[in-house]
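Me: I'd like to learn how to read a model like this one. Could you take me through it feature by feature?

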Amino acid sequence: MTSYFEFTNPTKLCSGKGAADNLEYELEILGVLHPMVLSDRVLEKIGTLGIVLDALHTVQPGRVFTDIPRDSSIDVVNRIAREYREFGCDGLIAVGGGSVLDTAKGVRLLISQDADDLLDLMGCECLPRGKYVPFVALPTTAGTGSEATPVAVIKNPSLHIKMEYISQHLMPDVAVLDPRMTMTLPPRITASTGMDTLCHAIEAYSCMQKNPISDAYAASAVRLVRDNLVKAVRRGRSKETRMALANASYLAGAAFGNSMVGVIHAVGHALGGVCHIPHGDAMNILLPAGMIFNRKVCRDAYGELLLYLAGPEVYQATEPSKRADRSIREVIHLRKQLHELTGLPLTLKEAGADPGLFPQVAKTALNDGACIVNPREVTFEAVMKILEKCYE
Amino acid sequence: MKRELMNQADRIVLEVLYRSFRVLYRKDSRVRKEIDGWADDLTLKLVCGFGGAVLVVRHDREHGIVKLKRAQKADITMRFKSVEGAFQVLSGQKSVADAYAEHLFFLEGDIFQTMSFVRCVEYLEGYLFPGFMSRRILKELPGKQIPALEVYALALLENGN
Ligand SMILES: [Fe+2]
């Protein structure tokens, strides 16, 4: 842990049954009359977006934009910002997974800074607030935690990289966690996004910026994942488990939004950019290998996490010196269960990665901001080793 | 007064940093490889707190980096929030990674390209600070390709412009 830390979480959380029904009120007190609603085609088709639009009642959206791809890019964000201005919108509502939420953050950045191109605004914690743009986020996956982070990851297609924007002004004013938003998530995606949550919590709990506040958020998230992920995969219609995972995702997001993530995410982002492996799948594949890599310097943190990963009985029955290893074994066991239930890939080979691209993945990973806060020095050779270990 | 002293020290260390960078561009293959990977004419600015010392450099194929006039807006700017914070890093009390984790500085520009610069600074710290200091602040000692004394000597002789 460092000798100084900062913690930001200004977002109001509306969490639980019927949460989306309060949307009209939340918009009213934010002063929004004509929000731009961002979502994607699938959510439009399966009716999730409809639930949100119905909840707007008297509020007339200025524009509903559903043409956001799975990996949103700078061009998409620039285009949406132009439409925001054209249609005279006065706030943002994002209904979707990480890509939609991060797109909304990018749009907010452009509008608030009065800019046209996201490439002009790159950086970390460098921007003043600018014009106020009210922003409400309704996550439809329980994974990225984007509704609670100051981070937006947006693709730069010309460079084949995912660019990171970090600013406290990216955090939504309100995050709405409603079980109806995640109820229809298929088991395979529930598993994959749930492992992303777990990765956020474990990396947040072990990175250089860890602090007592982010630790509390991360530990709670791990416990909720432990108790609910497999259940939600088995019985997706359970409101309680869906809510538990949505809360876990938010908690883990708030944790890593402040203490940041490390080598697992650095490599995961690179695998996404270079090999197009979905983020959650990459996290699931990389988590044990990343933990083993960091174990040397994270023994205490991983040991403490055993309490949340396995419960008090196992924690107590395990010798303190063996707790870190047991934590890693618990993660491996969870992965195995999810693999059997949903076919979630355990190796990069199963995920279709081309090992010939690994040097490029490693090079890209080293330039990811997450490497700098990883507790152990990340080198090209170390990343190559992790990739090879995860291949089959 | 204390602040002014730190400012002076920051200014001196920035000059040492600049000269050593140029030396290592010639003498350390890892630093050379990093810098050769930078975009042509990439400009980089280091600001040591409000009203503090400033270094602006441009990527140069021959010397690695060359110094520019301070007023220039750069592609990448690393701006320390305070003179005190900058001093902690430049005097070897904190690594760049610690400084980042403690929000001592913020970045304007592409985070990806900045990481290469950070790695160069870590190589440099391995030369400039005595082992006991680098061991305390760096996660791993980066190793040296020439003796540290040689870097100091060459930096002294280095043409500052
Ligand atoms: Fe993630």
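Reply: Happy to; we will go through the metal site, the interface and the salt bridges. This is a predicted model, where local features need pLDDT of at least 70, side-chain atom pairs count only at pLDDT 80 or more, and totals for chains, interfaces and linings use all residues. Residues are numbered from 1 along each chain as its sequence is written, chains are lettered from A and ligands numbered from 1 in the order in which they are written, and side-chain values use heavy atoms, leaving out hydrogens and water.

Me: Which atoms coordinate the iron ion?

Reply: Donors are N, O and S atoms within 2.8 Å of the metal (3.2 Å for Na, K and Ca), and sites may look incomplete because water is not among the atoms. Here the iron ion is held by A:Asp196 through OD and by A:His200, A:His265 and A:His279 through NE2, at 2.1 to 2.2 Å. A:Asp196 sits in helix 7 (residues 187–206) of chain A and A:His265 in helix 10 (residues 263–275) of chain A, so this pair links parts 69 residues apart in sequence. Helices here are DSSP runs of H or I with at least four residues, and strands are runs of E with at least two, numbered from the N terminus.

Me: How do I read the interface?

Reply: The size of an interface is often given as the accessible area lost when the parts come together. Buried area is that loss (1.4 Å probe), summed over both parts. Between chain A and chain B it is about 2500 Å², with carbon and sulfur atoms giving 58%. In chain A, the residues losing the most area to chain B are A:Asn367, A:Ile372 and A:Glu377, together 27% of what that side buries. By contact (heavy atoms within 4.5 Å), 28 residues of chain A meet 24 residues of chain B.

Me: How many salt bridges cross the interface of chain A and chain B?

Reply: Side chains of opposite charge can pair when their charged atoms come close. The rule asks for a side-chain nitrogen of Lys or Arg within 4 Å of a carboxyl oxygen of Asp or Glu, and it finds two across this interface. B:Glu140 and A:Arg376 form a salt bridge at 3.7 Å, N to O. Over all chains, the search gives 31 salt bridges.

Key. Buried area = accessible area lost by both parts, 1.4 Å probe.
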